[in-house]
Amino acid sequence: MSMVGPNPSRRISVHQALGGGQVADLLLWNKWYGGVVMLTTATSFWYLFERAGYNFLSFVANVLLLLVLIIFFWAKSASLLNRPLPPLPDLEISEETVSVVADELRLWVNFVLSIARDIAIGRNFKLFLQVALGLWFVSFIGSFFNFLTLVYIGILLSLSAPLVYDKYQDHINEKLCVAHRYVQMQYRMFNENVLRKLPLPLNKEKKMQ
């Protein structure tokens, strides 16, 4: 199994790596107001539901109720006072949007199913070990925080990590290369001392045939 580490001498464009669109501009704070709005919104939601103790379902229902009341009385007063109606957009989802979301979801589902097939049918022990360690790590982190706090931490990291890496890319790549060499050395030792000594059922079945 070959592992390719980061090259400290090569500088990449973080903006292009993130897609080069509006999402990249947001995560790199090229449009600072977008980052401020996202950070403020995420912090407000986290404080309301995590610290203030608001219930998510009740909060959404109350907000929708308030919006419906405002729109209803606005429309009634507009008809009585000959004022323009509320400027509501067309409340519908286009077929193109649904197709894009469905295609993206299909790719992720097929990717997960291919991993499950390789583990269950292909008996790929290395892949099984990687998935098991990954799930254990997620479970370990989840034992310290609830789901909402994890989402909030993810948003904070997405708004800070790309910007920090873009500014200090050379120093970070140098440290990553050192860490990658250490991980690669440990993996070789584990592969030679453990994985290669495990029986391979598929090879045995082929020899019996």
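**Entry 1: the fold.** I read along the sequence and got the pattern α-α-α-α-α-α-α-α-α. The protein chain has nine helices and zero strands. I took helices (H or I, at least four residues) and strands (E, at least two) as DSSP runs, numbered from the N terminus.

**Entry 2: ground rules.** This is a predicted model, so to speak of local features I need pLDDT of at least 70, and side-chain atom pairs count only at pLDDT 80 or more, while totals for chains, interfaces and linings use all residues. Residues are numbered from 1 along each chain as its sequence is written, and side-chain values use heavy atoms, with hydrogens and water left out.

**Entry 3: whole-chain totals.** I asked for burial: 12% of the 209 residues of the protein chain count as buried. Buried means under 20% relative accessible area, exposed over 50%, and partly exposed in between, with a 1.4 Å probe and protein chains only. I then took the contacts in the protein chain between residues at least 6 apart in sequence, and 60% of them join residues at least 24 apart. A contact means heavy atoms within 4.5 Å.

**Entry 4: the record.** I checked UniProt, where an unreviewed entry carries the annotation "transmembrane region" for residues 32-49, 56-75 and 133-159. Positions from UniProt are in the numbering used here, feature names are shortened, and annotations may be inferred rather than shown by experiment. In the model, residues 32-49 are 100% helix and 0% strand, with the end C-alpha atoms 26 Å apart. Residues 133-159 are 85% helix and 0% strand, and their end C-alpha atoms are 27 Å apart.

**Entry 5: helix 3 with helix 7.** At what angle do the axes of helix 3 and helix 7 cross? I find roughly 165 degrees for helix 3 (residues 32-51) and helix 7 (residues 147-167), whose axes come within 10 Å. Axes are lines fitted to C-alpha atoms, for helices over the stretch in contact, and angles run from 0 to 180 degrees between N-to-C directions. The two helices are therefore roughly antiparallel. The crossing of helix 3 and helix 7 is left-handed, meaning that the near helix is turned anticlockwise from the far one by less than a right angle (clockwise would be right-handed). Contact residues include Met38, Trp46 and Phe49 of helix 3 and Tyr152, Ile155 and Leu159 of helix 7. I sorted the contact by class: 11 nonpolar, three polar and one charged. Ala, Val, Leu, Ile, Met, Phe, Trp, Tyr, Cys and Pro count as nonpolar, Asp, Glu, Lys and Arg as charged, and the others, Gly among them, as polar.

**Entry 6: helix 7 with helix 8.** Helix 7 and helix 8 (residues 169-193) pack at about 95 degrees, with their axes 5 Å apart. They are therefore roughly perpendicular to each other. Val164, Tyr165, Asp166 and Lys167 of helix 7 meet Gln169, Ile172 and Asn173 of helix 8.

Entry 7: Most residues other than glycine have a negative phi. I noted that Trp29 has a positive phi of about 60 degrees although it is not a glycine. Trp29 sits in the loop between helix 2 (22-27) and helix 3. Its relative accessible area is 26%, so Trp29 is partly exposed.

Notes. Angles under 35 degrees count as roughly parallel, over 145 as roughly antiparallel, 65 to 115 as roughly perpendicular and the rest as oblique.
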